[in-house]
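Please keep the sequence and the model at hand while reading.

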Amino acid sequence: MQGLQNCRCPCGPQRLRAKLFLPSAETVRARPPYITATAEPHVTSNGKSSLQGLGSASVRTAPDNATPSKLPKAPTSKDSKAKPRAGQNGVSNRAATQSTKTGPSRASSRPPSKPTAKSNSASSKSPAASSKPAEAVAAIPDKGSDRSIVMPSTAAAQAASGVSVRNAGSAVATRADRLASAGTQPTFIIPKVPGFHPERPVAHMPLMLYLPGIDGTGMAASRQFPTLMASFDFRAFSVPLSDRTPFTGLVDIINAYLEAEVDVDDPDRPVYLLGESFGGVLALAVAAAKTDLVDRLVLVNPATSYEASIWPRLGPVLAKLPDAAYSAIPYALSPVLGNPLALAAVNVDRSASLPTQAAQYAEGLQKLIPQLGYLSKILPPAVLQWKLELLKQGNAVVKPLLPNIQQRVFLLAADNDLLIPSRQEGPRLKNLLPRCRLKVFNGSHALLQEADVDLAQLMKDVGFYVTQRRMSAPVKKRTKSSFGSASPIEKPTIGELDYYAEGALNNLKTLQSPVFLSTAEDGRVQQGCGAIPLDRPLLLVSNHQTYALDIGPLIEGLLRQTGLLPRGLTHPAVFQGNLERRKDKADPQSNVFGSLLTTFGSVEVGGRNFFKLMQNGECVLLYPGGVREAYKMRGEEYKLFWPKQPEFVRMAARFGATIVPFGGVGLDDGFEMLLDPSEIRAIPVLGKWLETNAKNSIPPARRGISQKSDIEELFIQPLPLPKLPQRLYFKFQQPIRTCPEDAKDPAKTQQIYEQAKRSCEDAISYLRVNREKDPYKDLLPRLFYERTWGGKQAPTFPLD
């Protein structure tokens, strides 16, 4: 059949090219046929879309005797560095050459299989047989044109759906209901932005999949496309009006697309999902299923609040309205759908004179009105009823998944969203999602279409945009992992670190003003953490201070100064009931500590997790004294309660880890002990109940050989009276090298253990003596200095 290279249509800068992938029914990895169509969108004087210069569409299939060697080959991993990224090219060599003139090509990352004509025919009749959705390339209009206000053109939506349109200028090409053409299926479109540089390095950009709201066109956030495409390998999901795939089916389609497009052997490339409204529900479901393929979520007014909105009651009524009344609904609901002034301000030049800006506002409003009428065509009553059913299905699926979403989430909520209660939903989701950052806007439901919202820049400003995943330990491929497990995790960015430091850790950091010292191998002490070796695996061992309130400033300081994310081995009581406490009406801040520790890499202490962390080459933080040392008795300040068995040395030596002992002081002096754990246990009735509860309800931290320790460990907290906060000091000692042979020698293991313990005690003694020379040791002089100098940290004692 005639190929793309023989297409005689005008090839203007805004032409549309669509590739519809229909995998074979016999093999899901076959190279399928595709449909190509070209069209230039145009908005007529009455505001409706039409097509100009529409060329013919053609279908190319492999001949029956074709072999895989004759089909287009995917580039190898070596080629991917020099060529555009895998996953999006199904055209001939000539077409591929032609496409480089208008934008970067993307070749499939999977080797092609042999499709047959029979299987191709079968697959085109059954979209459900596809292993991944169709993928298209579609142009969007210039920002300054009247096609960038609200809705995409019909032509763009048709091309994005893979529809073969043959009659230029006919009524067929201008009617929205042609999106419901038979044989279409959910599609990923690749927007082509006029004036965009064609040679942008897409291969090494993070991947972003945009999942739209119930309109399903994949073009509703088109105003954001230029800036998003400048920062991402960006693709948008498009669902034809005729499609009746249930919610779980849509999730399966997106999952299959991720499996085909994300290279598990390239673990450094970040993968984002951008979900708007209903797309936010889809994004959450996909993220829960694909923890290995999805790294971060951006949710914009997610429709997880559907059940709390008016739509379960109002939707069925609207679907039954007469046609004349239904066509007027978009105009009546325009203040609900979005802020008309903000939407019309998209093309206003803020640097122009006030009269010019006023004229541009008026022009924008004039062009907005016919666009609103398009909504009744893109969502006719039957489609609206089905979309509301999808919302109902999606909310039922996603609701129990929310506390288990592992990815970092950036949540944007509009406090003037009149379509769904996003203002109330934002704090609720922040409470339920373990790693969620919320930003509230004075905007409408159509937040991404408003003039003052630049999503790409906003992500960069808050540190949510990354071009490469920075893992806590080296990884060779993507694997299913989760926070709270011993698998490598992505380290937080500096922006994310600032967010936590300014939130949960802000008060502690201000009051404690931590000082870090480190010791080089030659014994010289220096300011900061610069002398800490970056060897892997690395084991940091220290004393536990009262209530372990020094952990947050310690981890933050190490991350900022060295890039090390110490994976803390933490008592299981900290995580017990972690998820159960996340109730819908709970205080959004009620579970900060548990989520904070897991976000920063903490796992339950135990031999298995310790083994995996060492095996993965992690930096591990261990407090051998455990809860006994954190919940001290009266008069036990800075005393070590390490067990006699040197098990942590034996484990470290097994992997040749470097051990760095360090000491910390400051917290034990910040409390006056009213009742210590032994005195609480002596209280009649209450003490016995607390002791029984600690033994039966709270799992022990020490198991196996460590459980035979001579130290009794009960999770009974002391009752202290806080004093003025003391300054924190940390001193990292000279590193201790180990090798696997040491693990086989009990005498050597014991020697290293005693050396580490003695080194930790020496660091504590050094700090307690020298802090008396610190002129800003006490709180009030320190606060005065730091406020006077604009937040600059107060200096400490001079080093010898």
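The questions and answers below move from the whole chain to individual residues.

This is a predicted model, in which local features need pLDDT of at least 70 and side-chain atom pairs count only at pLDDT 80 or more, while totals for chains, interfaces and linings use all residues. Residues are numbered from 1 along each chain as its sequence is written, and side-chain values use heavy atoms, with hydrogens and water left out.

Reader: What is the mean pLDDT of the protein chain?

Author: The term pLDDT is the predictor's confidence in each residue, on a scale from 0 to 100. In the protein chain, 65% of the residues reach 70 or more. The mean pLDDT of the chain is 73.

Reader: Over which residues does pLDDT stay under 50 while the model has 126 contacts beyond four places in sequence?

Author: A contact means heavy atoms within 4.5 Å. Where pLDDT is low, the predicted coordinates should not be read in detail. The stretch with 126 such contacts and pLDDT under 50 is residues 139–183.

Reader: How many helices and strands does the protein chain have?

Author: Helices (H or I, at least four residues) and strands (E, at least two) are DSSP runs, numbered from the N terminus. By this rule the secondary structure comes to 29 helices and 24 strands.

Reader: What share of the residues in the protein chain is buried?

Author: Buried means under 20% relative accessible area, exposed means over 50%, and partly exposed lies in between, with a 1.4 Å probe and protein chains only. The protein chain has 800 residues. Of these, the buried share is 57%.

Reader: Which residue meets D292 in a salt bridge?

Author: A salt bridge is a side-chain nitrogen of Lys or Arg within 4 Å of a carboxyl oxygen of Asp or Glu. The partner of D292 is in the loop between α17 (455–461) and α18 (494–502), 188 residues away from D292, which is in the loop between α7 (278–289) and β11 (296–300). The N to O distance is 3.6 Å, and the partner is K480.

Reader: In which helix do E425 and R428 both lie?

Author: E425 and R428 form a salt bridge, with the closest N and O atoms 2.8 Å apart. Both residues are buried. They are three residues apart, about one turn of the helix, and that helix is α16 (residues 422–432).

Reader: How many salt bridges does a search of the whole structure find?

Author: One of them joins E636 and R628, with the closest N and O atoms 3.1 Å apart. Both E636 and R628 are buried. Salt bridges that share partners also join D233, R235, E261 and R269 into one network. The search of the whole structure finds 25.

Reader: Are α18 and α20 roughly parallel or roughly antiparallel to each other?

Author: Axes are lines fitted to C-alpha atoms, for helices over the stretch in contact, and angles run from 0 to 180 degrees between N-to-C directions. Angles under 35 degrees count as roughly parallel, over 145 as roughly antiparallel, 65 to 115 as roughly perpendicular and the rest as oblique. The helices α18 and α20 (residues 551–562) pack at about 155°, with their axes 11 Å apart. Therefore α18 and α20 are roughly antiparallel.

Reader: Which residues of α20 do I494, L497, D498 and A501 in α18 meet?

Author: The four named residues belong to α18.

Reader: Is the crossing of α6 past α7 left-handed or right-handed?

Author: Helix α6 (residues 247–261) packs against α7 at an angle of about 60°, with axes 10 Å apart. That angle makes α6 oblique to α7. A crossing is left-handed if the near helix is turned anticlockwise from the far one by less than a right angle, and right-handed if clockwise. The crossing of α6 past α7 is right-handed.

Reader: Which residues does a cis peptide bond join?

Author: Most peptide bonds are trans. Here omega is about -5°. The proline of the pair is in the loop between β15 (525–527) and β16 (538–542). The residues joined are R536 and P537.

Reader: What is the relative accessibility of Y638?

Author: Y638 is in the loop between α23 (626–630) and α24 (647–654). Its phi is positive, about 60°, although Y638 is not a glycine. Y638 counts as buried because its relative accessibility is 7%.
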